[in-house]
Amino acid sequence: MAGSLTEADVWDALRGVTDPEYPLSIVDLGMVYDVRVAEGAVAVDMTFTSIGCPAIEMLVYDVREAVNALPDVRDIRVEVVWSPPWTKDRITDRGRRVLTAYGVAC
Amino acid sequence: MTAPQQPDAAEQDLIDRIAAGFMVESEEDMTPGYKRALITQLTVQGDTELMSAPAYYLASRDAPNINSRIAVTAIVHDELGHANIAYRILEDLGVNKHWLIYGRQPHEFKHPYGFDQALENWAEMVVANGFFDRAGITLLSDVHQHTSFGPLKRALVKVDREEVLHLRHGESWMKRLAKAGGEVKEALQRAVDWMFPMTLEWFGLPDHLKRHSGQLVYRLKGKTNDELRQIWMGSTVPLCEGIGIKVPAHWDEEAGEYAIDYPFPCQYDAQAKRWLFDEPLTWDQVFERWKARGPMNERYVEMLQGAFRGWLAH
């Protein structure tokens, strides 16, 4: 049972966690820095677009829920990291297309 | 104020052009009737956003940790910005923004009665985000989609996106509190018990009692009060049922719509925060209650106006 979960599964789950205002994922925003899986224990390193981001609490909760919904998850730890700092260069091409469609310069 | 039952030739001409897709861009395009209806709509919109700020701000002090307090203060900041958008457009129509915010008496603001109530704990704060902001999105996305007034249509793009965050904040926390169970879930249920009927009433007079709506005639909005109330219930009832929270409404299979399970409208005991389902009211009586304003009206307005007077005194 434990061991069948892969890092790719977790990345896929995180693609379902969306920015609170725009329909693009935290992965496309470049907010997820690292994912590690060891025998069902998941660790996610993520950052936020600013230290005063009002969505920290909510998105950490959403990340935990999304990962916990995967089969074979024994433990989930979300580490909020601030180094290296997030910049808009981290947004993926897909993310840029979504934001542009909503009139957001990026 | 008595609006003419039959619009004159100029009014009818504008109504016809709007029906054919004409967008009003400036005062020159407007008739007196259109301008009056738009000013009323924008005043209600701006006042609703403005009065949510003191209510949410006081409740932000009950946040369980620093990040959730930041979330609520950011929401307060958004709401003040949304109020400014409505008031800024009103300025272009010759209404004095300074007077709107600082010159009016508390009872002269036109926000819904729900924002005259105290939000006294974290459960009430997040249900306000889940219910009141959902009502706001329901009303404003209809305006965004249908309004014949170009400047407002463009301004609402930003407002709509930000309201989504408020709503998601509320719904996410409602799920968490329900999941926690015990006393936490009971507090959530108590908040829902007074805030659900409060929001239903917010959508106003049922369609069968509404004689004439300038807002619909001039296409300042697209959907009727009952349609909007149904849309709100369409999201809110399943949300609550899904987390094991009881609401006094259900899906009526036969009628193909949501049905309200109590005499609507009815009396509200604002001190006890309790709806008196055994005391039905007429809508005229509801309007009297609204006009008398609720328990926090004066305090909220004083929070907004007092700071400015204090600043002037220095």
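Of the 97 residues in the largest nonpolar core, which touch the most other members? Let us come to that by way of the whole model.

This is a predicted model, in which local features need pLDDT of at least 70, side-chain atom pairs count only at pLDDT 80 or more, and totals for chains, interfaces and linings use all residues. Residues are numbered from 1 along each chain as its sequence is written, while chains are lettered from A and ligands numbered from 1 in the order in which they are written. The pLDDT is the predictor's confidence in each residue, from 0 to 100. For chain B its mean is 95, and 98% of the residues of that chain reach 70 or more. The model as a whole scores ipTM 0.76 and pTM 0.90.

Start with chain B, which has eleven helices and four strands. Helices (H or I, at least four residues) and strands (E, at least two) are DSSP runs, numbered from the N terminus. The radius of gyration of chain B is 20 Å, close to the 20 Å that the globule rule gives for 314 residues, so chain B is as compact as a globular protein of that length. That radius is taken over C-alpha atoms, and the globule rule is 2.2 Å times the number of residues to the power 0.38. Along the principal axes, the C-alpha trace of chain B spans about 65 × 65 × 35 Å.

How much of chain B is buried? Buried residues account for 37% of its 314 residues. A residue is buried if 20 or more other C-beta atoms lie within 10 Å of its own, exposed if 12 or fewer, and partly exposed in between, with C-beta atoms placed from the backbone. Contacts tell you about the fold too: two residues are in contact if their C-beta atoms, placed from the backbone, lie within 7 Å. Among contacts in chain B between residues at least 6 apart in sequence, 70% join residues at least 24 apart.

Now back to the opening question. The core members that touch the most others are Leu14(A), Ile26(A), Val127(B) and Val192(B). A nonpolar core here is a set of buried Ala, Val, Leu, Ile, Met, Phe, Trp, Tyr and Cys residues joined through C-beta atoms within 7 Å. Helix α5 of chain B, residues 122-146, gives the most to this core, with 13 residues. In soluble globular proteins, nonpolar side chains tend to be buried together. Looking at Ile26(A), and leaving out residues up to four places away in sequence, you will find that it touches Leu14(A), Val17(A), Asp19(A), Met31(A), Val32(A), Met46(A) and Leu59(A).

Where the two chains meet, the contact takes 14 residues from chain B and eleven residues from chain A. On the chain B side, α3 (66-92) and α6 (150-180) are the elements that give two or more residues. Helix α6(B) gives the most, with nine residues. By class, this side has six nonpolar, four polar and four charged residues. Ala, Val, Leu, Ile, Met, Phe, Trp, Tyr, Cys and Pro count as nonpolar, Asp, Glu, Lys and Arg as charged, and the others, Gly among them, as polar.

Next, follow the strands of chain A. Two strands pair if DSSP finds at least two bridges between them. Strands β1(A) and β2(A) run antiparallel and are joined by six bridges, with Ala38(A) opposite Ala41(A). On its other pairing, β2(A) runs parallel to β3(A) over six bridges; here Ala41(A) stands opposite Asp75(A) and Val44(A) opposite Val78(A). The covered face of β2(A) holds Val42(A), Val44(A) and Met46(A), and the uncovered one holds Ala41(A), Ala43(A) and Asp45(A). Of the six residues of β3(A), the number buried is zero, so β3(A) lies largely in the open.

Finally, some backbone details. Most residues other than glycine have a negative phi, and most peptide bonds are trans. Glu39(A), in the turn of the β1(A) and β2(A) hairpin, has a positive phi of about 50°. With 11 C-beta neighbours inside 10 Å, Glu39(A) counts as exposed. In chain B, Lys273(B) takes a positive phi near 55° in the hairpin of β3(B) and β4(B), which has four residues between the strands. Lys273(B) is partly exposed, with 18 other C-beta atoms within 10 Å. The peptide bond from Ser83(A) to Pro84(A) is cis, with omega near -5°, and the bond from Phe264(B) to Pro265(B) is cis with omega near 0°.
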